[in-house]
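This report is written for a reader meeting the structure for the first time.

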Amino acid sequence: MSLAVYAAGALCWRVVDDKIVVLVVHRTKYGDVTIPKGKVDPGETLPQTAVREILEETGLAVTLGVPLGTSAYPLSSGREKIVHYWAAEVVDHAIERSTFVPNTEIAAIEWVTLKKARSYLTYERDVEIIDAFESLVRQGVTSTFALIALRHGKAEPRGAWAGPDASRPLTDRGVKQAAGAVASLLAWQPRRIVTSDAVRCVATVAPLAAATGVKPRREPGISQDAYEDGDGDVRTIIGKRVRSRKTAVLCSHGPVLPEILREIALATGTMPGGYLTEAADLDTGGFSVVHLSATNPSSGIVSIETYAPAVE
């Protein structure tokens, strides 16, 4: 059986004259109207591909929002193409800095209403992505921010480490996991980085801090030592992050992650469930992206997506 071809894109949206409009592209080669997307390059992650393709096809630098689902369809080669989509709010600054000019791939880009998009798009599978986005519009949760729960990279084994547990360093694999997570995390443009004060957590967020210029805030309250001693402060830390409504990465430990996910749910009025356990069950270097409404965080968790470590 042929291997699938993976691609990623985003439904870019903005508000014009109090109406939500979305971006469609007119493709030169195919003569169709579709949602911007493109194939994953070797070594890329899906979120990374989505951001790159939007920039290349539309000239817009975007930050990913809520996932909108996937489309799957056969290619003429017999292989299946699977496309992952996200919503992406386009801010005024991005419009002003757009680098788009008509080219051999994209003849034109056009902002249209959701109603027009339904009859305008060439493919029914694209209309299904419009349906998913319109569901968010009806719920009033189009503008979002994310709290990203990140488990530290692989560290030296506890039993083989002579010093305090908090001083355990990352292994070579852990260092690679930390560096490998950056490309994906940048797709959500975190504006805050919060980390346990353990060496392995601080080292895990170091590459992200270097890439974003965001100085990590060390919080003993989400450390494993505090968790085991019974004096952690996850609730206060999560409450602050929800109130700020800015996308943040929180790097912590396996035993603490379920509490972090639970406190996000409690802080946003979300019913708990097994989905929280699944989102917290991360391998070292893995992370879960919890999407929340920027206008009304108390409306609950909008969506959660989970990513395996870049290096197993």
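## Salt bridges overall

Across the whole structure, a search finds 15 salt bridges, a salt bridge being a side-chain nitrogen of Lys or Arg within 4 Å of a carboxyl oxygen of Asp or Glu. The model is a predicted one, in which local features need pLDDT of at least 70 and side-chain atom pairs count only at pLDDT 80 or more, while totals for chains, interfaces and linings use all residues. Residues are numbered from 1 along each chain as its sequence is written, and side-chain values use heavy atoms, with hydrogens and water left out.

## A network around Arg 52

Asp 41, Glu 44, Arg 52, Glu 53 and Glu 56 are linked by salt bridges into a network. Within this group, Arg 52 pairs with Glu 44, and their closest N and O atoms lie 2.5 Å apart. Both Arg 52 and Glu 44 are buried, where buried means under 20% relative accessible area, exposed means over 50%, and partly exposed lies in between (1.4 Å probe, protein chains only).

## Bridges between helices

Arg 118 forms a salt bridge with Glu 134, the closest N and O atoms being 2.4 Å apart. This pair links distant parts of the chain, since Arg 118 belongs to helix H3 (residues 114-120) and Glu 134 to helix H4 (residues 124-139), 16 residues apart; helices (H or I, at least four residues) and strands (E, at least two) are DSSP runs, numbered from the N terminus. Arg 118 counts as partly exposed because its relative accessible area is 33%.

Glu 263 and Arg 235 form another salt bridge, with 2.9 Å between the closest N and O atoms. Here too distant parts of the chain are linked, with Glu 263 in helix H9 (residues 257-267) and Arg 235 in helix H8, 28 residues apart. Glu 263 counts as buried because its relative accessibility is 6%, whereas Arg 235, at 54%, counts as exposed.

## A buried threonine

Thr 34 is found in strand E3 (residues 33-34), and its relative accessible area of 1% is why Thr 34 counts as buried. The side chains of Thr 34 and Lys 37 are joined by a polar contact of 3.1 Å, a polar contact being a pair of N or O atoms within 3.5 Å; within protein, one must be able to donate a hydrogen and the other to accept it, and residues adjacent in sequence count only if both atoms are side-chain atoms.

## An exposed aspartate

Asp 231 is found in the loop between helix H7 (224-229) and helix H8 (234-244). Because its relative accessibility is 52%, Asp 231 counts as exposed.
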